[in-house]
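Please keep the sequence and the structure in view while reading.

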Amino acid sequence: MTALNVVVGISGGIAAYKAVTVVRQLVLAGHDVHVVATSNALRFIGLPTLEAVSRNPVNTDIYEGVDEVRHVAVGKAANLIIVAPATANTIAKMATGQASDFLGNTILASSAPILIAPAMHTEMWQNVATVANIETLRSRGIQIIGPESGPLTGRDSGPGRMSEPSDIVAAALNMVASARDLAGRTVLVTAGGTREPLDPVRFIGNRSSGKQGVAVATAAAARGASVILIGANLEVPAPAGVRVVEVSTTLELQKAVVAESASADLVVMAAAVADYRPAETAQTKIKKRSDSSTLELRLEENPDILRGLSTNRSRDQVIVGFAAETEPDDDVLLQLGRAKISRKGCDFLVLNRVGWTEGFASDRNTVVVIDTAGDRVGEASGSKLSVAHRILDLVFAAR
Ligand code: C5P
(Lines give C-alpha, C1' and ligand atoms only; values in the text may rest on other atoms or scores of the structure.)
Protein backbone atom coordinates (compact mmCIF):
# COMPACT_ATOMS: atom_id res chain seq x y z
CA MET A 1 0.00 0.00 0.00
CA THR A 2 1.28 3.47 -0.76
CA ALA A 3 2.01 5.59 2.30
CA LEU A 4 -0.97 7.60 3.47
CA ASN A 5 -1.28 10.86 5.34
CA VAL A 6 -3.37 9.73 8.30
CA VAL A 7 -4.86 12.04 10.91
CA VAL A 8 -5.49 10.31 14.23
CA GLY A 9 -7.91 12.41 16.27
CA ILE A 10 -7.86 11.62 19.97
CA SER A 11 -10.57 12.85 22.32
CA GLY A 12 -10.70 12.83 26.09
CA GLY A 13 -11.58 9.39 27.36
CA ILE A 14 -9.55 6.78 29.21
CA ALA A 15 -9.30 4.69 26.00
CA ALA A 16 -6.97 7.47 24.76
CA TYR A 17 -4.09 5.42 26.11
CA LYS A 18 -4.88 2.76 23.51
CA ALA A 19 -4.77 5.37 20.74
CA VAL A 20 -0.99 5.34 21.13
CA THR A 21 -1.03 1.78 19.75
CA VAL A 22 -3.20 2.89 16.81
CA VAL A 23 -0.62 5.57 16.00
CA ARG A 24 2.27 3.16 16.45
CA GLN A 25 0.77 0.51 14.17
CA LEU A 26 0.08 3.05 11.43
CA VAL A 27 3.65 4.41 11.66
CA LEU A 28 5.11 0.90 11.53
CA ALA A 29 2.97 0.21 8.46
CA GLY A 30 4.77 3.13 6.78
CA HIS A 31 2.13 5.85 7.05
CA ASP A 32 2.67 9.54 7.84
CA VAL A 33 0.63 10.06 11.00
CA HIS A 34 -0.53 13.42 12.35
CA VAL A 35 -2.11 13.40 15.77
CA VAL A 36 -4.82 15.91 16.57
CA ALA A 37 -5.58 15.67 20.28
CA THR A 38 -8.21 17.54 22.23
CA SER A 39 -7.01 19.27 25.39
CA ASN A 40 -8.94 16.68 27.40
CA ALA A 41 -7.15 13.84 25.58
CA LEU A 42 -3.88 15.32 26.86
CA ARG A 43 -5.14 14.91 30.43
CA PHE A 44 -5.06 11.14 29.78
CA ILE A 45 -1.87 10.79 27.71
CA GLY A 46 1.27 12.83 27.35
CA LEU A 47 1.97 15.01 24.34
CA PRO A 48 5.63 13.86 24.20
CA THR A 49 4.45 10.24 23.93
CA LEU A 50 2.27 11.10 20.94
CA GLU A 51 4.99 13.18 19.27
CA ALA A 52 7.58 10.44 19.76
CA VAL A 53 5.34 7.66 18.52
CA SER A 54 3.82 9.60 15.59
CA ARG A 55 7.17 11.22 14.65
CA ASN A 56 5.27 14.46 13.96
CA PRO A 57 4.18 17.50 16.00
CA VAL A 58 0.84 17.04 17.75
CA ASN A 59 -1.89 19.61 17.02
CA THR A 60 -4.19 20.76 19.82
CA ASP A 61 -4.48 24.53 19.75
CA ILE A 62 -6.19 26.36 16.86
CA TYR A 63 -4.04 29.40 17.61
CA GLU A 64 -0.78 27.61 16.86
CA GLY A 65 0.62 27.57 13.32
CA VAL A 66 -1.78 30.36 12.35
CA ASP A 67 0.67 31.65 9.71
CA GLU A 68 0.35 28.37 7.82
CA VAL A 69 -3.42 28.14 8.41
CA ARG A 70 -2.77 24.85 10.15
CA HIS A 71 -6.33 24.37 11.46
CA VAL A 72 -7.39 23.81 7.84
CA ALA A 73 -4.16 22.48 6.33
CA VAL A 74 -3.99 19.32 8.46
CA GLY A 75 -7.48 18.19 7.41
CA LYS A 76 -6.94 19.08 3.75
CA ALA A 77 -3.72 17.04 3.55
CA ALA A 78 -5.26 13.92 5.11
CA ASN A 79 -6.07 10.80 3.06
CA LEU A 80 -7.76 9.23 6.05
CA ILE A 81 -9.03 10.40 9.44
CA ILE A 82 -9.43 8.10 12.43
CA VAL A 83 -11.01 9.40 15.64
CA ALA A 84 -10.09 7.01 18.46
CA PRO A 85 -11.45 7.22 21.04
CA ALA A 86 -14.50 9.19 19.97
CA THR A 87 -16.21 10.33 23.16
CA ALA A 88 -19.92 11.14 23.40
CA ASN A 89 -18.95 14.82 23.45
CA THR A 90 -16.79 14.61 20.31
CA ILE A 91 -19.49 12.60 18.51
CA ALA A 92 -22.07 15.28 19.41
CA LYS A 93 -19.73 18.01 18.17
CA MET A 94 -19.10 16.17 14.92
CA ALA A 95 -22.84 15.63 14.39
CA THR A 96 -23.48 19.37 14.72
CA GLY A 97 -20.39 20.44 12.78
CA GLN A 98 -18.73 22.32 15.62
CA ALA A 99 -15.30 23.88 15.14
CA SER A 100 -14.45 24.84 18.70
CA ASP A 101 -11.17 22.93 18.74
CA PHE A 102 -8.44 21.75 16.36
CA LEU A 103 -10.11 18.36 15.83
CA GLY A 104 -13.44 19.97 14.85
CA ASN A 105 -11.67 22.27 12.36
CA THR A 106 -9.66 19.42 10.90
CA ILE A 107 -12.75 17.27 10.35
CA LEU A 108 -14.73 20.11 8.76
CA ALA A 109 -11.86 21.03 6.44
CA SER A 110 -11.30 17.48 5.19
CA SER A 111 -12.85 15.41 2.44
CA ALA A 112 -11.00 12.25 3.52
CA PRO A 113 -12.86 9.12 4.64
CA ILE A 114 -13.47 9.14 8.40
CA LEU A 115 -13.60 6.22 10.81
CA ILE A 116 -14.57 6.77 14.43
CA ALA A 117 -14.09 4.35 17.33
CA PRO A 118 -16.60 5.35 20.04
CA ALA A 119 -15.72 4.68 23.69
CA MET A 120 -17.92 5.61 26.65
CA HIS A 121 -20.03 4.15 29.39
CA THR A 122 -22.97 2.02 28.28
CA GLU A 123 -25.60 4.50 29.47
CA MET A 124 -24.01 7.27 27.41
CA TRP A 125 -23.70 5.05 24.33
CA GLN A 126 -27.34 4.02 24.59
CA ASN A 127 -28.65 7.51 25.32
CA VAL A 128 -31.07 8.67 22.62
CA ALA A 129 -28.93 11.76 21.99
CA THR A 130 -25.85 9.65 21.21
CA VAL A 131 -27.91 7.17 19.18
CA ALA A 132 -29.26 10.05 17.06
CA ASN A 133 -25.80 11.60 16.66
CA ILE A 134 -24.33 8.28 15.51
CA GLU A 135 -27.16 7.90 13.01
CA THR A 136 -26.40 11.39 11.68
CA LEU A 137 -22.71 10.58 11.26
CA ARG A 138 -23.51 7.27 9.60
CA SER A 139 -25.88 9.00 7.15
CA ARG A 140 -22.99 11.26 6.14
CA GLY A 141 -20.83 8.26 5.27
CA ILE A 142 -18.71 8.31 8.41
CA GLN A 143 -17.82 4.75 9.37
CA ILE A 144 -18.13 3.54 12.92
CA ILE A 145 -16.19 0.67 14.48
CA GLY A 146 -17.41 -0.73 17.79
CA PRO A 147 -17.84 -0.09 20.58
CA GLU A 148 -17.32 -3.57 21.92
CA SER A 149 -18.95 -5.06 24.93
CA GLY A 150 -16.86 -5.82 28.00
CA PRO A 151 -15.41 -4.35 31.18
CA LEU A 152 -15.43 -0.53 31.28
CA THR A 153 -13.31 1.83 33.37
CA GLY A 154 -15.14 1.39 36.67
CA ARG A 155 -16.75 -1.78 37.87
CA ASP A 156 -19.34 -1.61 35.13
CA SER A 157 -19.42 -3.76 32.04
CA GLY A 158 -21.36 -3.59 28.77
CA PRO A 159 -21.20 -2.01 25.32
CA GLY A 160 -18.80 0.95 25.35
CA ARG A 161 -15.24 -0.41 25.13
CA MET A 162 -13.20 1.00 22.30
CA SER A 163 -12.40 -1.58 19.61
CA GLU A 164 -8.93 -3.09 19.68
CA PRO A 165 -6.26 -0.89 18.02
CA SER A 166 -5.35 -3.50 15.39
CA ASP A 167 -9.03 -3.79 14.40
CA ILE A 168 -9.33 -0.01 14.13
CA VAL A 169 -6.24 0.17 11.92
CA ALA A 170 -7.46 -2.69 9.69
CA ALA A 171 -10.93 -1.17 9.29
CA ALA A 172 -9.50 2.27 8.55
CA LEU A 173 -7.03 1.06 5.94
CA ASN A 174 -9.79 -1.00 4.37
CA MET A 175 -11.71 2.21 3.70
CA VAL A 176 -8.96 3.74 1.67
CA ALA A 177 -9.13 3.00 -1.99
CA SER A 178 -5.39 3.40 -2.56
CA ALA A 179 -4.83 -0.06 -1.12
CA ARG A 180 -5.61 -1.54 -4.51
CA ASP A 181 -3.05 -4.34 -4.62
CA LEU A 182 -5.65 -6.77 -6.06
CA ALA A 183 -6.67 -4.52 -8.97
CA GLY A 184 -7.16 -6.59 -12.11
CA ARG A 185 -7.82 -9.82 -10.19
CA THR A 186 -11.12 -11.61 -9.93
CA VAL A 187 -12.04 -13.15 -6.60
CA LEU A 188 -14.94 -15.55 -6.09
CA VAL A 189 -16.14 -15.96 -2.52
CA THR A 190 -18.81 -18.30 -1.17
CA ALA A 191 -20.33 -17.28 2.15
CA GLY A 192 -23.14 -18.25 4.49
CA GLY A 193 -24.68 -21.61 5.17
CA THR A 194 -26.71 -23.83 2.89
CA ARG A 195 -30.27 -24.92 3.71
CA GLU A 196 -31.62 -28.26 2.57
CA PRO A 197 -35.42 -28.26 2.48
CA LEU A 198 -37.41 -31.01 4.16
CA ASP A 199 -40.73 -29.52 3.11
CA PRO A 200 -41.95 -26.03 2.11
CA VAL A 201 -41.42 -24.64 5.61
CA ARG A 202 -38.51 -26.55 7.15
CA PHE A 203 -34.89 -27.10 6.32
CA ILE A 204 -31.67 -28.62 7.61
CA GLY A 205 -29.22 -25.78 8.02
CA ASN A 206 -26.29 -24.58 10.06
CA ARG A 207 -25.39 -21.58 12.17
CA SER A 208 -23.06 -19.88 9.70
CA SER A 209 -23.94 -16.16 9.47
CA GLY A 210 -21.76 -15.50 6.43
CA LYS A 211 -19.80 -12.80 8.28
CA GLN A 212 -16.31 -14.20 7.59
CA GLY A 213 -17.00 -14.82 3.89
CA VAL A 214 -18.58 -11.38 3.49
CA ALA A 215 -15.51 -9.90 5.21
CA VAL A 216 -13.28 -11.62 2.62
CA ALA A 217 -15.43 -10.16 -0.18
CA THR A 218 -15.30 -6.72 1.48
CA ALA A 219 -11.53 -6.83 1.88
CA ALA A 220 -10.93 -8.06 -1.68
CA ALA A 221 -13.21 -5.37 -3.13
CA ALA A 222 -11.50 -2.65 -1.08
CA ARG A 223 -8.18 -3.84 -2.47
CA GLY A 224 -9.41 -3.38 -6.02
CA ALA A 225 -10.42 -6.93 -6.97
CA SER A 226 -13.48 -7.64 -9.05
CA VAL A 227 -15.52 -9.71 -6.60
CA ILE A 228 -18.30 -12.24 -7.08
CA LEU A 229 -19.99 -13.22 -3.84
CA ILE A 230 -22.10 -16.38 -3.84
CA GLY A 231 -24.22 -15.91 -0.74
CA ALA A 232 -26.10 -18.75 0.88
CA ASN A 233 -28.73 -17.34 3.27
CA LEU A 234 -26.53 -14.46 4.42
CA GLU A 235 -27.44 -12.83 7.73
CA VAL A 236 -25.31 -9.77 6.98
CA PRO A 237 -25.56 -7.32 4.07
CA ALA A 238 -23.25 -7.82 1.11
CA PRO A 239 -20.68 -5.05 0.60
CA ALA A 240 -21.18 -2.40 -2.04
CA GLY A 241 -19.46 -2.89 -5.38
CA VAL A 242 -19.61 -6.67 -5.29
CA ARG A 243 -21.67 -8.86 -7.66
CA VAL A 244 -23.91 -11.07 -5.53
CA VAL A 245 -25.41 -14.40 -6.57
CA GLU A 246 -27.95 -15.61 -4.04
CA VAL A 247 -28.37 -19.33 -3.48
CA SER A 248 -29.91 -21.49 -0.79
CA THR A 249 -29.15 -25.21 -1.23
CA THR A 250 -25.86 -27.01 -1.82
CA LEU A 251 -26.89 -27.95 -5.35
CA GLU A 252 -27.69 -24.29 -6.12
CA LEU A 253 -24.33 -23.28 -4.64
CA GLN A 254 -22.57 -25.88 -6.78
CA LYS A 255 -24.31 -24.64 -9.94
CA ALA A 256 -23.33 -21.03 -9.16
CA VAL A 257 -19.72 -21.97 -8.37
CA VAL A 258 -19.38 -23.92 -11.61
CA ALA A 259 -20.90 -21.02 -13.59
CA GLU A 260 -18.82 -18.29 -11.95
CA SER A 261 -15.45 -19.87 -11.15
CA ALA A 262 -13.94 -19.88 -14.65
CA SER A 263 -13.04 -16.19 -14.50
CA ALA A 264 -11.70 -16.29 -10.94
CA ASP A 265 -7.99 -15.97 -10.06
CA LEU A 266 -8.83 -16.80 -6.47
CA VAL A 267 -11.71 -18.86 -5.08
CA VAL A 268 -12.41 -18.64 -1.35
CA MET A 269 -14.89 -21.28 -0.20
CA ALA A 270 -15.97 -19.83 3.12
CA ALA A 271 -19.55 -21.12 2.96
CA ALA A 272 -20.64 -23.83 5.36
CA VAL A 273 -21.98 -26.43 2.97
CA ALA A 274 -24.23 -29.31 4.01
CA ASP A 275 -22.66 -32.70 3.44
CA TYR A 276 -26.11 -34.31 3.21
CA ARG A 277 -29.58 -33.33 2.03
CA PRO A 278 -32.95 -34.99 2.58
CA ALA A 279 -33.38 -37.86 0.13
CA GLU A 280 -36.92 -36.64 -0.50
CA THR A 281 -38.40 -33.18 -0.13
CA ALA A 282 -42.08 -33.28 0.79
CA GLN A 283 -44.25 -30.97 -1.30
CA THR A 284 -46.55 -30.25 1.62
CA LYS A 285 -45.77 -29.67 5.28
CA ILE A 286 -44.81 -32.90 7.06
CA LYS A 287 -47.46 -33.58 9.69
CA LYS A 288 -46.83 -34.72 13.22
CA ARG A 289 -47.29 -38.49 13.43
CA SER A 290 -49.95 -39.89 15.71
CA ASP A 291 -48.73 -43.50 15.36
CA SER A 292 -45.11 -43.00 16.46
CA SER A 293 -43.04 -40.80 18.76
CA THR A 294 -40.07 -40.79 16.37
CA LEU A 295 -39.58 -39.60 12.81
CA GLU A 296 -36.78 -40.89 10.62
CA LEU A 297 -35.19 -38.78 7.97
CA ARG A 298 -33.21 -40.33 5.16
CA LEU A 299 -30.34 -38.20 3.87
CA GLU A 300 -28.25 -38.50 0.75
CA GLU A 301 -24.78 -37.21 0.15
CA ASN A 302 -24.22 -33.82 -1.44
CA PRO A 303 -21.41 -33.30 -3.96
CA ASP A 304 -18.17 -31.96 -2.48
CA ILE A 305 -18.00 -28.67 -4.38
CA LEU A 306 -14.52 -27.75 -3.19
CA ARG A 307 -13.02 -31.09 -4.17
CA GLY A 308 -14.71 -30.97 -7.56
CA LEU A 309 -13.45 -27.46 -8.18
CA SER A 310 -9.89 -28.28 -7.08
CA THR A 311 -9.59 -31.43 -9.18
CA ASN A 312 -11.20 -30.02 -12.32
CA ARG A 313 -9.54 -26.61 -12.43
CA SER A 314 -8.49 -25.74 -15.92
CA ARG A 315 -6.36 -22.68 -15.25
CA ASP A 316 -3.84 -21.31 -12.83
CA GLN A 317 -6.16 -20.56 -9.97
CA VAL A 318 -5.69 -20.33 -6.21
CA ILE A 319 -8.35 -22.23 -4.28
CA VAL A 320 -8.86 -21.71 -0.55
CA GLY A 321 -11.07 -23.95 1.58
CA PHE A 322 -12.32 -23.41 5.10
CA ALA A 323 -12.54 -25.99 7.86
CA ALA A 324 -14.63 -25.23 10.91
CA GLU A 325 -14.03 -27.87 13.57
CA THR A 326 -15.18 -28.35 17.14
CA GLU A 327 -11.95 -30.17 18.11
CA PRO A 328 -10.57 -28.52 21.29
CA ASP A 329 -6.94 -29.68 20.97
CA ASP A 330 -4.71 -27.51 18.72
CA ASP A 331 -2.53 -30.37 17.50
CA VAL A 332 -5.48 -32.60 16.70
CA LEU A 333 -7.16 -29.66 14.94
CA LEU A 334 -4.06 -29.26 12.78
CA GLN A 335 -4.05 -33.00 11.99
CA LEU A 336 -7.70 -32.79 10.91
CA GLY A 337 -6.78 -29.83 8.72
CA ARG A 338 -3.89 -31.71 7.09
CA ALA A 339 -6.12 -34.69 6.30
CA LYS A 340 -8.79 -32.35 4.93
CA ILE A 341 -6.53 -30.35 2.61
CA SER A 342 -5.17 -33.51 1.03
CA ARG A 343 -8.71 -34.85 0.60
CA LYS A 344 -10.05 -31.62 -0.88
CA GLY A 345 -7.09 -30.82 -3.14
CA CYS A 346 -7.24 -27.07 -2.54
CA ASP A 347 -4.12 -24.87 -2.18
CA PHE A 348 -4.80 -23.47 1.28
CA LEU A 349 -7.09 -24.37 4.13
CA VAL A 350 -8.25 -21.85 6.70
CA LEU A 351 -8.80 -23.69 9.97
CA ASN A 352 -10.97 -22.29 12.72
CA ARG A 353 -12.60 -23.62 15.82
CA VAL A 354 -16.35 -23.43 16.23
CA GLY A 355 -18.64 -24.41 19.05
CA TRP A 356 -21.75 -23.46 20.95
CA THR A 357 -20.30 -20.05 21.75
CA GLU A 358 -17.36 -19.79 19.33
CA GLY A 359 -17.14 -18.88 15.69
CA PHE A 360 -20.46 -18.34 13.96
CA ALA A 361 -22.36 -15.18 14.92
CA SER A 362 -19.28 -13.51 16.37
CA ASP A 363 -17.61 -10.49 14.79
CA ARG A 364 -14.22 -11.94 15.70
CA ASN A 365 -12.33 -14.98 14.57
CA THR A 366 -9.07 -16.84 15.13
CA VAL A 367 -7.70 -18.91 12.25
CA VAL A 368 -4.66 -20.87 11.16
CA VAL A 369 -3.87 -21.14 7.45
CA ILE A 370 -2.13 -24.27 6.15
CA ASP A 371 -0.80 -25.19 2.72
CA THR A 372 -0.82 -28.42 0.70
CA ALA A 373 2.24 -29.71 2.59
CA GLY A 374 0.22 -29.28 5.78
CA ASP A 375 2.55 -26.51 6.98
CA ARG A 376 1.24 -23.46 8.81
CA VAL A 377 1.68 -20.48 6.54
CA GLY A 378 0.28 -18.06 9.11
CA GLU A 379 -2.44 -17.31 11.59
CA ALA A 380 -4.75 -14.41 12.32
CA SER A 381 -6.90 -13.27 15.18
CA GLY A 382 -9.14 -10.23 15.46
CA SER A 383 -12.15 -8.79 13.68
CA LYS A 384 -13.40 -10.89 10.78
CA LEU A 385 -12.34 -8.04 8.46
CA SER A 386 -8.76 -8.01 9.75
CA VAL A 387 -8.68 -11.83 9.49
CA ALA A 388 -9.95 -11.50 5.90
CA HIS A 389 -7.12 -9.12 4.97
CA ARG A 390 -4.56 -11.43 6.54
CA ILE A 391 -5.92 -14.43 4.61
CA LEU A 392 -5.65 -12.45 1.34
CA ASP A 393 -2.10 -11.34 2.26
CA LEU A 394 -1.06 -14.93 3.00
CA VAL A 395 -2.54 -16.61 -0.06
CA PHE A 396 -1.32 -13.98 -2.51
CA ALA A 397 2.14 -13.73 -0.92
CA ALA A 398 2.62 -17.47 -1.12
CA ARG A 399 2.10 -17.56 -4.91
O1 C5P B 1 -15.66 -31.23 4.78
P2 C5P B 1 -15.94 -29.89 5.32
O3 C5P B 1 -17.40 -29.50 5.24
O4 C5P B 1 -15.38 -29.61 6.68
O5 C5P B 1 -15.13 -28.91 4.36
C6 C5P B 1 -15.22 -27.55 4.44
C7 C5P B 1 -14.81 -26.89 3.14
O8 C5P B 1 -15.33 -27.62 2.03
C9 C5P B 1 -15.37 -25.51 3.02
O10 C5P B 1 -14.47 -24.73 2.25
C11 C5P B 1 -16.70 -25.76 2.28
O12 C5P B 1 -17.09 -24.59 1.57
C13 C5P B 1 -16.34 -26.91 1.36
N14 C5P B 1 -17.43 -27.88 1.09
C15 C5P B 1 -17.88 -28.04 -0.19
N16 C5P B 1 -18.86 -28.96 -0.48
C17 C5P B 1 -19.39 -29.73 0.50
C18 C5P B 1 -18.93 -29.58 1.83
C19 C5P B 1 -17.95 -28.64 2.09
O20 C5P B 1 -17.40 -27.36 -1.09
N21 C5P B 1 -20.34 -30.61 0.20
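A residue is called buried when its relative accessible area is under 20%, exposed when that value is over 50%, and partly exposed in between. The model under discussion is predicted. With this cut-off, Glu325 is buried, because its relative accessibility is 16%.

How many salt bridges does a search of the whole structure find? The search finds 19. Another of them joins Asp181 to Arg223, with the closest N and O atoms 2.8 Å apart. This pair links distant parts of the chain, 42 residues apart: Asp181 sits in the loop between helix 9 (165-175) and strand 8 (186-192), and Arg223 in the loop between helix 10 (211-222) and strand 11 (226-232). Is each of these two residues buried or partly exposed? Asp181 has a relative accessible area of 46% and is therefore partly exposed. Arg223, in contrast, has a relative accessible area of 7% and is buried.

A further salt bridge brings together the side chains of Arg289 and Asp291, with an N to O distance of 3.3 Å. Arg289 is partly exposed, at 39% relative accessibility. Asp291 has a relative accessible area of 62%, which means that it is exposed, the value being over 50%. Salt bridges also occur as a network, which links Glu148, Asp167 and Arg364.

Ser208 is buried, since its relative accessible area is 12%. Which residues are in contact with Ser208, leaving aside its neighbours within four places in sequence? They are Gly192, Gly193, Glu235, Ala272 and Phe360. For Gly192 a specific atom pair can be named: its backbone oxygen lies 3.2 Å from a polar atom of the Ser208 side chain.

Key: Residues are numbered from 1 along each chain as its sequence is written. This is a predicted model: local features need pLDDT of at least 70, side-chain atom pairs count only at pLDDT 80 or more; totals for chains, interfaces and linings use all residues. Side-chain values use heavy atoms; hydrogens and water are left out. A salt bridge is a side-chain nitrogen of Lys or Arg within 4 Å of a carboxyl oxygen of Asp or Glu. Helices (H or I, at least four residues) and strands (E, at least two) are DSSP runs, numbered from the N terminus. Buried means under 20% relative accessible area, exposed over 50%, partly exposed in between (1.4 Å probe, protein chains only). A polar contact is a pair of N or O atoms within 3.5 Å; within protein, one must be able to donate a hydrogen and the other to accept it, and residues adjacent in sequence count only if both atoms are side-chain atoms. Contact means heavy atoms within 4.5 Å.
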